[in-house]
Amino acid sequence: MSGVERADSDFAKFRATKRSPLKLSEGALVKKSSLDGGGELPLLMEPSGDDVNLPSWVKNNLPLVDAELAKHGAIMFRGFNTDSASKLEQLIKSVSGEPLEYTERSSPRSQVSGNVYTSTDYPPDKSIFPHNEQSYNLNFIMKIFFCCVQRSEQGGETPVVDCRKVFARIDPKIRERFAEKKYMYVRNFRENFGLSWQTAFQTTDRARVEVYCRGNEIEFEWMEDDRLRTRQVREPVAIHPRTGEPVWFNHLTFFHVSTLEPEVRDMLLSQFEADEMPNNTFYGDGSAIEPSVLEELRGAYLSEKVVFPWQEGDVMMLDNMLTAHAREPFVGARQVIVGMAEPFSWKNISV
């Protein structure tokens, strides 16, 4: 049985499993419910009384929190007044230990405090397509935490997507093709288009970049004018190490040039060849991915997208393999900060 066939069988078992209704355990300090009144994603957790210290409660109830996260893929902690980088950092430490540095960067972010960052510095009038943080890294993060310090006047939601359901929506023939060929992520680092290699790798030393690339299965090529081109071939599907479920865990749709908003896409296509884009993806052998395939992949994500408004003080914890995240355009000041935790390696993932 192939990996994809095994994944189909596992997913069928997952869909057949009956899920018990959410309820408040007797004497609990925290109550559970559905954020939208019926959906599974994300699970809402709120204090059932005053003066509940969220980091302490989580630390004392980690088996419950881990079980709910594995089931739902995302937990929204609301009403605990987590409204600063220091409070977010305390929560991350109670769940996962020290927050991690943002490495092999692809999104513009600013450091807020320690290893807590702005969620993105991408222009507010643009949307960000669903993706799993750092899935292209050989060593990625298993948990990601978003905290709303200041909600925007309009928009600015952080949609979430169940990657188990995305997997199930994709034509099995397409999944088999990617399982056979994998996908290739090509980056071109240059000034004024995307991130420079100095920003992405957090160094000005070419030798350090080369050491990192060799250790992380990334081909690299130095170009004229201090430009760098990298290529990395990655798997598109993973079996979650805790739940045993298949997930569509990759950046192949997110980084493909056709997924960009039309004005950005057209500007880049007018200036660069396919392999010269700041970011682009191909089949693992370097051949082009068919437009019809990309349309189906985008449709699978968008069909499963769950959108909800932020409240100030909200913290959303995601299992980064089970749940993708996105961002809606917004108007007005907005501050959503992020921390990442629990490193995990593709070398320890079944495919």
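Buried here means under 20% relative accessible area, exposed over 50%, and partly exposed in between (1.4 Å probe, protein chains only). W310, at 4% relative accessibility, therefore counts as buried.

1. **Basis and confidence.** This is a predicted model, in which local features need pLDDT of at least 70, side-chain atom pairs count only at pLDDT 80 or more, and totals for chains, interfaces and linings use all residues. Residues are numbered from 1 along each chain as its sequence is written, and side-chain values use heavy atoms, with hydrogens and water left out. The pLDDT is the predictor's confidence in each residue, from 0 to 100. Its mean for the protein is 90, and 92% of residues reach 70 or more. Residues 10-27 fall below 50; beyond near neighbours in sequence, this stretch has 21 contacts in the model (contact: heavy atoms within 4.5 Å). Where pLDDT is low, predicted coordinates should not be read in detail.

2. A nonpolar core is a set of buried Ala, Val, Leu, Ile, Met, Phe, Trp, Tyr and Cys residues joined through side-chain atoms within 4.5 Å. The largest one has 33 residues, and F178, W248, L297 and M321 have the most contacts inside it. At least two residues each come from β7 (139-150), α5 (163-169), α6 (172-181), β10 (183-189), β13 (237-239), β14 (246-248) and α10 (291-303). Helices (H or I, at least four residues) and strands (E, at least two) are DSSP runs, numbered from the N terminus. Helix α10 gives the largest share, five residues. Apart from this core lies another, of 24 residues, including M45, I75, I337 and A341.

3. **F178.** Outside the four places on either side in sequence, F178 contacts Y183, P236, W248, L252, Y283, I289, V293 and L297. Both F178 and Y283 are buried.

4. **Aromatic pairs.** The whole structure holds 18 of them. Rings of Phe, Tyr and Trp (its six-membered ring) pair if their centres lie within 6.5 Å; planes under 30 degrees apart are stacked, over 60 edge-to-face, the rest tilted. F178 and Y283 make a tilted pair, 5.0 Å centre to centre with 35° between the planes. F178 is in α6 and Y283 in strand β15 (residues 279-283), so the pair ties together parts 105 residues apart in sequence. The F308 and W310 rings have centres 6.4 Å apart and planes at 75°, so that pair is edge-to-face. F308 counts as buried because its relative accessibility is 6%. Y136, Y185, F254 and F255 form one aromatic cluster.

5. **Charges over rings.** The criterion is NZ of Lys or CZ of Arg within 6 Å of the ring centre and within 35 degrees of the ring normal. R175 sits over the ring of F167, its charged end 4.0 Å from the centre.

6. **S94.** This residue lies in helix α4 (residues 85-96). S94 is buried, at 10% relative accessibility. Its side chain reaches the backbone oxygen of L91 at 2.6 Å. Not counting residues up to four places away, S94 touches P55, V58, K59 and L62.

7. **N115.** The loop between β4 (111-113) and β5 (116-118) holds N115. N115 is partly exposed, at 23% relative accessible area. A polar contact is a pair of N or O atoms within 3.5 Å; within protein, one must be able to donate a hydrogen and the other to accept it, and residues adjacent in sequence count only if both atoms are side-chain atoms. The N115 side chain makes one with the side chain of Y117 (3.4 Å). A polar atom of that N115 side chain also lies 3.1 Å from the backbone oxygen of P99.
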